[in-house]
Amino acid sequence: MSDLHTILKLASTDNQLISIAEKVYNGERISDQEGIYLFEHGDLPFVGHLANYIREKKHGDLTYFNRNFHIEPTNVCVFSCKFCSYSKLYANREEGWELSIDQMVDIVKGYDGKPVTEVHIVGGVHPKMNMDYFKELIRKIKAHRPDLHIKAFTAVELDYMFRKAKLSVDEGLKQLHDAGLQSLPGGGAEIFHPEIREQIAGDKVSGEGWLQIHEAAHQLGMHSNATMLYGHVEKYEHRIHHMRQLRDLQDKTNGFNTFIPLKFRNANNDMSDVKESTVIEDMRMYAIARIYLDNFPHLKAYWPMLGRQNAQLSLAFGVNDIDGTIDDSTKIYSMAGSEEQTPTMTTEQLVILIHQAKRTAVERDTLYNKIKIYTDTNSLS
Ligand code: V47
Ligand code: SF4
């Protein structure tokens, strides 16, 4: 574990950095201004040591993954986010795909006898796929496989679904929860600040709307994740503003499991002229998120987007979770230019990747209960 002496050496004579390091070592929270200062002045070794100190204090060298699979009901979407390489506008829907309930249940049946613990269901916002459709889907999946945890629907999909059904957020969530929905994924958050949201995702749920849905889910006893799409036209202050909203909500509800920074990829979308962030900036992003979000238990690197080597590297910069053995062909990232064209990794590959980084691999369920600890690769089964 990094000691304060080393960190103070890295801070050199910068009094602000010294004060931030001392705060972190005393278990104190850093301010927004200090968060922005870290983005502007904290070099990689400094923020990396600090983030690693927090990561090891919280989790030692345990690094989590889960066995899950994704279902993408459709890539047809009524919205037109500028960064999206995946969706087909409703007007051009013949170019997209739309799965029927039976087709999706068949995907679930394809995992019969396999030790997956979670299905992650997200997709575009199709006006014909409404509350009734999704309630039936969830009920059928649960009836077929009651032990499978259903993590489904971004706040964007939910907001649209509830408004169409003329339901309040509380009522809509309650109905889906009763049907078998157990947690919400973190998508759709992008950047909450209206100045940026307006430019990149102006026609979907606002930042406040996203937060309201997650708060209501937490009140119902569901857990959720939070994402942030970074490395495009936002400034450091917008990243801190975003994380501030999340930190405040977490203080109130304690319902977030994990924060997932998502690196903007620029292929095949309306923001292809925007340069992608460097690996150094990606690692600084993880580290500063780990330092700033003191009340989030976990920080996840989503390897299909980041690439497996960078995901492995991130384990030294605050990350303690590298998502799952995504055993399918999730398309949103390969279409946006991720080098991971077929994002599948076997459990063995994931465990080796974690062990190569000198960490201990732990298979978890959605709520981070430990299923199996892999102390060495020989313990694979
Ligand atoms: O909200 C879309 C992002 C998100 C691009 O909760 C892009 O466990 C980068 O949220 N470049 C959806 N990112 C995916 C998501 C997610 C993924 C994995 C795990 C979890 C979880 C949630 O994908 C969208 C958007 O922010 N996205 N296009 C792009 N060009
Ligand atoms: Fe639709 Fe989501 Fe793509 Fe936006 S990011 S256009 S909401 S699929």
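Trainee: Which hand does the crossing of α4 and α12 have, left-handed or right-handed?

Mentor: The crossing of α4 and α12 is left-handed, a name given when the near helix is turned anticlockwise from the far one by less than a right angle, clockwise being right-handed. Before we go on: this is a predicted model, where local features need pLDDT of at least 70, side-chain atom pairs count only at pLDDT 80 or more, and totals for chains, interfaces and linings use all residues. Residues are numbered from 1 along each chain as its sequence is written, chains are lettered from A and ligands numbered from 1 in the order in which they are written, and side-chain values use heavy atoms, leaving out hydrogens and water.

Trainee: Why are α4 and α12 called oblique to each other?

Mentor: The axes of α4 (residues 44-59) and α12 (residues 279-292) come within 8 Å and cross at roughly 45°. Angles under 35 degrees count as roughly parallel, over 145 as roughly antiparallel, 65 to 115 as roughly perpendicular and the rest as oblique. The α4 and α12 pair is therefore oblique. Helices here are DSSP runs (H or I, at least four residues), as are strands (E, at least two), numbered from the N terminus. Axes are lines fitted to C-alpha atoms, for helices over the stretch in contact, with angles from 0 to 180 degrees between N-to-C directions.

Trainee: Which residues of α4 and α12 meet?

Mentor: From α4 come Leu44, Val47, Gly48, Leu50, Ala51, Ile54 and Lys58, and they meet Ile280, Met283, Arg284, Ala287, Ile288, Arg290 and Ile291 of α12. By class, that contact has ten nonpolar, one polar and three charged residues. The classes are simple: Ala, Val, Leu, Ile, Met, Phe, Trp, Tyr, Cys and Pro are nonpolar, Asp, Glu, Lys and Arg charged, and the others, Gly among them, polar.

Trainee: What makes α6 and α8 roughly parallel?

Mentor: The axes of α6 (residues 131-144) and α8 come within 8 Å and cross at roughly 25°. With that angle set against the cut-off, α6 and α8 are therefore roughly parallel to each other. On the α6 side the contact uses Met131, Lys135, Ile138, Arg139 and Lys142, and on the α8 side Gly172, Gln175, Leu176 and Ala179. Their classes are four nonpolar, two polar and three charged.

Trainee: And how do you know that α8 is oblique to α10?

Mentor: Helix α8 (residues 169-179) packs on α10 (residues 207-219) at about 50°, with the axes 10 Å apart. That angle makes α8 oblique to α10. Here the crossing is right-handed. Val169, Asp170 and Leu173 of α8 meet Gln212, Ile213, Ala216 and Ala217 of α10. This contact divides into five nonpolar, one polar and one charged.

Trainee: Which residues does Asp170 touch, leaving aside neighbours within four places in sequence?

Mentor: Asp170, which lies in α8, is in contact with Ala216 and Leu220, where contact means heavy atoms within 4.5 Å.

Trainee: Why is Met222 called buried?

Mentor: Its relative accessible area is 1%, so Met222 counts as buried. The cut-offs are under 20% for buried, over 50% for exposed and partly exposed in between, using a 1.4 Å probe and protein chains only. Met222 sits in the loop between α10 and β8 (223-230). Apart from neighbours within four places in sequence, Met222 contacts Leu173, His177, Leu181, Gln182, Ser183, Ala217 and Gly255.

Trainee: What puts Gly180 in the buried class?

Mentor: At 11% relative accessible area, Gly180 is buried. Gly180 is found in the loop between α8 and β7 (183-184). Beyond its neighbours within four places in sequence, Gly180 contacts Ile138, Lys142 and Ile150. The C-alpha atoms of Gly180 and Ile138 are 5.9 Å apart, across 42 residues of chain.

Trainee: How do you know that Asn254 is exposed?

Mentor: Relative accessibility is 54% for Asn254, so it counts as exposed. Asn254 lies in the loop between α11 (236-253) and β9 (256-263), and its phi is near 55°, a positive value in a residue other than glycine.

Trainee: What makes Asn268 exposed?

Mentor: Asn268 has a relative accessible area of 59%, so it is exposed. Asn268 is in the loop between β9 and α12 and has a positive phi of about 55° although it is not a glycine.

Trainee: Finally, which residues are around ligand 2?

Mentor: They are Cys77, Phe79, Cys81, Phe83, Cys84, Tyr86, Ser87, Gly124, Val156 and Lys204. A residue is near a molecule if one of its heavy atoms lies within 4 Å of it. By class, this shell has seven nonpolar, two polar and one charged.
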